[in-house]
Amino acid sequence: MSEFRMPSLGADMDSGTLVEWLVEPGDSVERGQIVAVVETQKGAIDIEIFDAGEIVELVVHPVAKVAVGALLAIYHKPGEELEPGPHAPDPAPAPDPDPAPAPRPAPARPAASVLIAPRARKLAEQFGLDLGRVVGTGPDGSITGVDVEARMRAQPEPVRLPATNAAGMRQAIAAAMSRSKREIPHYYLFHTVDLEPALVWLEARNAKRALSERLLPVALLVRALALALRQHRQLCGFWREGGFVASEAIHVGLAISLREGGLINPAIHDADLGSLDRLMARVRDISQRARNGGLRASELSDAAITLTSLGERGVDGVLGVIQPPQVAIVGVGAVRQRPWVVAGQVVARRLIEVGLSADHRVSDGHAGARFLVEFERLLQSPDTLQ
């Protein structure tokens, strides 16, 4: 028998609230399938399972606050033996138990106190349903995604939903950043990068494309960052249990500002692989889901380095604070046209300021400088980014 436990969705998380199961005992599940929805200070997160198998028992029932690492469910992987125990059926014959008493109906509750699962909120917003007219069938009359789907088939109506808990998000950020500055010995490097070759290449590539199919500069930055990390793996990983653990794959976290306040940095998985078009599609998808809800647990826990860009806000550069347990963050400022010397001549070029904040327990300024020079080299040879 295998155990499915509450995952950690960031260094600042010590617990989460299980608000909805998307599976039941007896259901078969595939690796990567979303099986539950958990509410954290970062919002509603889809939790996936990382092994195929069959659900045996749901140990925790909605709506319950659960510590990181606590047991959520028991499942049976192919090839495992079903062992008798507190969470597995006893294969020995047993007399039929006495019929369970009929459940007593839950007392009526005021509409304002009815719990609403995050997935239900997302569906209601997407399809314009009035949650006040949805009958909840979950615990204590809570409204689940299944309830919204049933109502959706009946009559779509306008919706007005409460805002995300921005205060809780801010508290989570404060805790993580305080820990970062307290525990991580940061060092900082700043480098000016000539982005003209990359932007000229990008403009030529986009000239014959529809607006919705065009590549944005962020795709080039993410890809160049990922490829540079292939040569500088000491910046791509985690500080855990007193030592550095290199990430097996290059998952780049993209810092995204939320409309209601706060910041989140979901991972672009395998950012060094695939085409630029596919990478751009993934950036668009994850940015939309980060703002509208629907991120997966792995997208919040796998990022091995973060890219943050404040150029659209008009600042020239940024030196970020490392997100534990990561060991580096890269910041990019606005594109500025400035005089630059090329082949002995002063010409107008579009430049960006790139800042690196890194963990001195893992790397030093020499390694960081080499990484930034490689990042610049890749951006000046855009054909290598495809």
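What follows is a working chat about a predicted model of a protein chain.

Trainee: How many helices and strands does the protein chain have?
Mentor: In this predicted model, the protein chain has eight helices and 20 strands.

Trainee: And what share of the residues is buried?
Mentor: Of the 386 residues in the protein chain, 45% are buried, while the chain as a whole exposes about 19800 Å², with carbon and sulfur atoms supplying 52% of that area.

Trainee: What about contacts between residues at least 6 apart in sequence, how many of those join residues at least 24 apart?
Mentor: Among the contacts in that group, 65% join residues at least 24 apart.

Trainee: Switching to helix α8, what should its end-to-end span be?
Mentor: Helix α8 covers residues 365–379, and because its 15 residues are taken at 1.5 Å a residue, the span should be 21 Å, which agrees with the 21 Å between its end C-alpha atoms.

Trainee: Which of its residues are buried, and what do they pack against?
Mentor: The buried residues of α8 are A367, G368, F371, L372, E374, F375, E376, L378 and L379, and they pack against strands β9, β18 (328–332) and β20 (345–359) as well as helices α4 (196–206) and α5 (217–231).

Trainee: You mentioned β9, so where is Y188?
Mentor: Y188 lies in strand β9, which runs over residues 186–194.

Trainee: Is Y188 buried or partly exposed?
Mentor: Y188 counts as partly exposed because its relative accessibility is 38%, whereas buried would require under 20%.

Trainee: Which residues form a nonpolar patch with Y188?
Mentor: Y188 forms a nonpolar surface patch with F190 and L319, and together the three have about 290 Å² of accessible area.

How values were computed
Residues are numbered from 1 along each chain as its sequence is written. This is a predicted model: local features need pLDDT of at least 70, side-chain atom pairs count only at pLDDT 80 or more; totals for chains, interfaces and linings use all residues. Side-chain values use heavy atoms; hydrogens and water are left out. Patches are made of residues with over 30% relative accessible area and no salt bridge: like charges are joined within 9 Å, nonpolar side chains (Val, Leu, Ile, Met, Phe, Trp, Tyr) within 5 Å. Accessible areas come from the Shrake-Rupley method with a 1.4 Å probe; for residues, only the protein chains shown count as cover. A salt bridge is a side-chain nitrogen of Lys or Arg within 4 Å of a carboxyl oxygen of Asp or Glu. Helices (H or I, at least four residues) and strands (E, at least two) are DSSP runs, numbered from the N terminus. Buried means under 20% relative accessible area, exposed over 50%, partly exposed in between (1.4 Å probe, protein chains only). Contact means heavy atoms within 4.5 Å. The expected span of a helix is 1.5 Å times one less than its number of residues.
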